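Open the model in your viewer and follow the stops below. Each stop says what to select and what is there.

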Amino acid sequence: MSIKLKKINKTIVKCKKCPRLVNFREKISKIKRKQNLNETYWGKPVPGFGNKKSKILILGLAPAAHGGNRTGRSFTGDKSSEFLFKCLHDVRISNKPYSKSLNDGLKLNGTYITNILKCAPPEDKPRNIELNNCSQYFDEEIKYLNKLKVIIGLGKVAFDNCIKFYKKKYNFNIKMDFVHGKRFNLPNGVKIFACYHPSPRNVNTKLINERKMKRIFDKVLKLI
């Protein structure tokens, strides 16, 4: 990771702009899940991870309360991460088929992973002011990922907020509706794919499966 991205991430980790999110993430760190009672929760904003030269950005909405908020890394230590990294490993984007902790030896190939919102929100429902506060960090991440070619928006809320960010930044009004597998061109030459979130609910109801998700990754890899 570049010095500039490391600096951004250090700033993210120290952020206390949103009192509601600060209170929630710290509360969750004390009121732990039964299976994690002996663990020390991260309990801070969760920065992105990957390489500065990444051409792919995988974008989620926010860290999970007992996933990223516990482990300190997005899509790490929860059911969503199990599904996602099985797929990423199969298409050779990840060197491991799992993402369990900061010390698990995970490495990404040409890919950066981050969230629109850096803190876990209550009921997975962020407020507009919280999203606006965090947009500064997303802006800086995009700025320094200067080799970026493709964004994969995991879930409608992450996708919609990414489009909202780009519309505000580049002042355009092209309609871009969330449809799984659909690709759009952003004003700065980056392409964005809509993808169902690999949540347990979506997986269990078969809204998303490994074949559907890997098909998107295959399309992305062909583009870059």
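Select helices α5 (residues 128–144) and α6 (residues 156–170), which pack at an angle of about 70° with their axes 11 Å apart. The two helices are therefore roughly perpendicular to each other (65 to 115 degrees). Helices here are DSSP runs of H or I, at least four residues, numbered from the N terminus. Axes are lines fitted to C-alpha atoms over the stretch in contact, and angles run from 0 to 180 degrees between N-to-C directions.

This is a predicted model, in which local features need pLDDT of at least 70 and side-chain atom pairs count only at pLDDT 80 or more, while totals for chains, interfaces and linings use all residues. Residues are numbered from 1 along each chain as its sequence is written, and side-chain values use heavy atoms, with hydrogens and water left out.

Now select the ring cluster: Phe138, Phe165, Tyr166 and Tyr170, linked by ring pairs (centres within 6.5 Å; stacked under 30 degrees between planes, edge-to-face over 60, the rest tilted). Phe165 and Tyr166 are edge-to-face, 5.5 Å centre to centre with 90° between the planes. Tyr166 and Tyr170 have centres 5.8 Å apart and planes at 10°, so this pair is stacked.

Definitions and conventions: Parallel < 35°, antiparallel > 145°, perpendicular 65-115°, else oblique. Phe/Tyr/Trp six-rings, centres within 6.5 Å; stacked < 30°, edge-to-face > 60°.
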